[in-house]
Amino acid sequence: MFDYLRQTIGDDNFFSGLRRFYAENKFSCVTEAELIGAFERTGADSNGFFNSFLNGSVIL
């Protein structure tokens, strides 16, 4: 999943989102909404990716 996300939003947004997600959530339990939110706050258009992936329309 992360490889497809990286291809979709680009390296800069992907790694920025990962850093943000880790900084905001380290040592805690998280929800998928918190993961999605970290990538959305990078300014990348990741909403369509997550909707497709979580709704089961993506075939790996």
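How many Å² does the accessible surface of the protein chain come to, and what percentage of that surface belongs to carbon and sulfur atoms? The accessible surface comes to about 4200 Å², of which 52% belongs to carbon and sulfur atoms; accessible areas come from the Shrake-Rupley method with a 1.4 Å probe, and for residues only the protein chains shown count as cover.

The structure is a predicted model, in which local features need pLDDT of at least 70 and side-chain atom pairs count only at pLDDT 80 or more, while totals for chains, interfaces and linings use all residues. Residues are numbered from 1 along each chain as its sequence is written, and side-chain values use heavy atoms, with hydrogens and water left out.

**Figure 1. Overall fold of the protein chain.** The protein chain has four helices and zero strands, and its pattern along the sequence is α-α-α-α. Helices (H or I, at least four residues) and strands (E, at least two) are DSSP runs, numbered from the N terminus. The C-alpha atoms fill a box of roughly 30 × 25 × 15 Å, taken along the principal axes. Of the 60 residues, 28% count as buried, where buried means under 20% relative accessible area, exposed over 50% and partly exposed in between (1.4 Å probe, protein chains only). Among contacts between residues at least 6 apart in sequence, 48% join residues at least 24 apart; a contact means heavy atoms within 4.5 Å.

**Figure 2. The largest nonpolar core.** This core has 12 residues in all: Leu-5, Ile-9, Phe-14, Phe-21, Leu-35, Ile-36, Ala-38, Phe-39, Ala-44, Phe-49, Phe-50 and Phe-53. Helix H1 (2-9), helix H2 (11-25), H3 and H4 each give two or more residues to this core, and the largest share, four residues, comes from H3. A nonpolar core is a set of buried Ala, Val, Leu, Ile, Met, Phe, Trp, Tyr and Cys residues joined through side-chain atoms within 4.5 Å. In soluble globular proteins, nonpolar side chains tend to be buried together. The buried residues of H3 are Leu-35, Ile-36, Gly-37, Ala-38 and Phe-39, and their cover includes H1, H2 and H4.

**Figure 3. Aromatic pairs around Phe-14.** The structure holds five aromatic pairs. Rings of Phe, Tyr and Trp (its six-membered ring) pair if their centres lie within 6.5 Å; planes under 30 degrees apart count as stacked, over 60 as edge-to-face and the rest as tilted. Phe-2 and Phe-14 form an edge-to-face pair, with 6.3 Å centre to centre and 65° between the planes. This pair links distant parts of the chain, with Phe-2 in helix H1 and Phe-14 in helix H2, 12 residues apart. Phe-2 is partly exposed, with a relative accessible area of 39%, whereas Phe-14 is buried, with a relative accessible area of 6%. The rings of Phe-14 and Phe-39 are stacked, because their centres are 5.9 Å apart and their planes are at 25°. Phe-14 lies in helix H2 and Phe-39 in helix H3, so this pair ties together parts that are 25 residues apart in sequence. Phe-39 counts as buried, at 0% relative accessibility. One aromatic cluster is formed by Phe-2, Phe-14, Phe-15, Phe-39, Phe-49 and Phe-50.

**Figure 4. Thr-42 between two helices.** Thr-42 is found in the loop between helix H3 (32-40) and helix H4 (47-54), and this residue is buried, with a relative accessible area of 18%. The side chain of Thr-42 reaches the backbone oxygen of Phe-39 at 2.6 Å and the backbone nitrogen of Ala-44 at 3.3 Å. Not counting residues up to four places away in sequence, Thr-42 touches Asn-13, Ser-16 and Gly-17.

Figure 5. Asn-25 lies in helix H2 and counts as buried, at 12% relative accessibility. Its side chain reaches the backbone oxygen of Phe-21 at 3.0 Å. Leaving aside neighbours within four places in sequence, Asn-25 is in contact with Val-30 and Glu-34. Phe-27 is placed in the loop between H2 and H3 and counts as exposed, at 81% relative accessibility. Although Phe-27 is not a glycine, this residue has a positive phi of about 65°. Most residues other than glycine have a negative phi.

Terms used: Polar contact = N/O pair within 3.5 Å; in protein donor to acceptor, adjacent residues only side chain to side chain.
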